[in-house]
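This report describes one protein chain for a reader who has not seen it before. The sequence and the structure come first, and the description follows.

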Amino acid sequence: MDKQELKQILATKAPAYQRSLIEIPKDSFVTWHSSLTDYLDSVLGDSPKMQNRIDHLVMRYRLGATDEVKGEHYGTVLPRINRKGMIVGGNVLHFNVDDGSILNHDALVNHLYSWYAFDYYVDPDVFFGEHLLYGRQAVIVQEEKTALLGKLAYPEIEWLAVGVGNNLTDGMMKKLMGRQVILFPDDFSYEFWSEHFGKKFKVDDSFTHCDINQYLIDFIHSQQVP
């Protein structure tokens with residue numbers, strides 16, 4: 001082990017408050033276009049208007065792509081960005097472009113360790129999409145993909161996602177006090193979300209037995225002028 005490697009290991013042992021938040025350089029990821037954007041193109045169409053809307057979504061959510069390929073498509077970088085605009089976590093997902101299912105999941109921090117071990121740390125209480133939270137109406141869903149489709153379908157509403165697993169925390173929900181909030185859990189998370197947050201927020205079971213993503217896709221198509 002050389003001195004540089006030892007310094008990296010020692011740096012990661014520092015408590016979080018001693019590590020600084022950083023902004024990841026734009027050239028850290030090879031391209032915007034990934035398995036997720038390819039999926040959105042395939043289900044929403046490739047008209048110039050829709051392409052512009054998807055590109056705008058990519059820029060606002062600062063989506064990226066890795067150079068690792070699965071199923072002939074790049075991995076999708078889905079960063080968690082806090083209200084200060086700094087990336088404090090996220091996921092790297094490979095999607096099946098045909099149906100939008102997840103082929104592979106990895107934590108974003110696993111890809112950042114070798115680059116930013118000196119000053120990077122994770123904040124687990126940040127939603128995907130939280131940096132865009134300005135209005136009074138917010139919807140919480142499980143998947144980042146769903147939040148993106150929701151924003152395309154209902155742009156006047158703020159769409160937040162918790163990602164893979166039961167990742168909704170008290171710290172996240174405290175930030176939403178005073179807002180009009182609806183939680184749309186899937187069938188796996190409904191019981192947990194309802195039990196822990198149902199007394200203070202509306203937990204809607206409309207999509208526990210049907211696909212919210214397909215609902216949003218159909219709604220987007222219905223709003224497009226032929």
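## Strands, cores and aromatic pairs

L93 has H105 as its bridge partner in β4. The model is predicted: local features need pLDDT of at least 70, side-chain atom pairs count only at pLDDT 80 or more, and totals for chains, interfaces and linings use all residues. Residues are numbered from 1 along each chain as its sequence is written, and side-chain values use heavy atoms, with hydrogens and water left out.

β3 and strand β4 (residues 102-107) run antiparallel and are joined by five bridges. Two strands are said to pair if DSSP finds at least two bridges between them. The hairpin of β3 and β4 has six residues between the strands, and G100 there takes a positive phi near 80 degrees. β3 is also joined to strand β2 (residues 73-81), by six bridges, and these two run antiparallel. P79 stands opposite G90 in β3. In the hairpin of β2 and β3, five residues lie between the strands, and G85 has a positive phi near 85 degrees. Nine of the nine residues of β3 are buried, so the strand is largely enclosed by the rest of the structure. Buried means under 20% relative accessible area, exposed over 50%, and partly exposed in between (1.4 Å probe, protein chains only).

The protein chain has eight helices and eight strands. These are DSSP runs numbered from the N terminus: helices are H or I with at least four residues, strands are E with at least two. Of the 226 residues in the protein chain, 44% are buried.

Another set of strands forms an open sheet. Its four strands come in the order β6-β5-β7-β8, with parallel pairing. The edge strands, each pairing on one side only, are β6 (158-161) and β8 (202-203). Strands β5 (residues 137-141) and β7 (residues 180-184) run parallel and are joined by five bridges; V139 has I182 as its bridge partner in β7.

Which residues have the most contacts inside the largest nonpolar core? They are L36, L44, L63, F128 and V141, in a core of 32 residues. Such a core is a set of buried Ala, Val, Leu, Ile, Met, Phe, Trp, Tyr and Cys residues joined through side-chain atoms within 4.5 Å. Elements giving two or more residues to this core include α2 (35-44), α3 (48-61) and β3 (87-95). A second, separate core has 16 residues, among them L160, V162, L183 and F201.

Q142 is buried, with a relative accessible area of 10%. Its side chain makes a polar contact with the side chain of S189 at 3.1 Å. A polar contact is a pair of N or O atoms within 3.5 Å; within protein, one must be able to donate a hydrogen and the other to accept it, and residues adjacent in sequence count only if both atoms are side-chain atoms.

The structure holds six aromatic pairs. Rings of Phe, Tyr and Trp (its six-membered ring) pair if their centres lie within 6.5 Å; planes under 30 degrees apart count as stacked, over 60 as edge-to-face and the rest as tilted. Two of the pairs are listed here.

| Pair | Centre to centre | Angle between planes | Type |
|---|---|---|---|
| Y154 and W159 | 6.4 Å | 20 degrees | stacked |
| F207 and Y215 | 5.4 Å | 50 degrees | tilted |

W159 is buried, with a relative accessible area of 5%. F207 is buried at 14%, whereas Y215 is partly exposed at 38%. Y154, W159 and F219 form one aromatic cluster.
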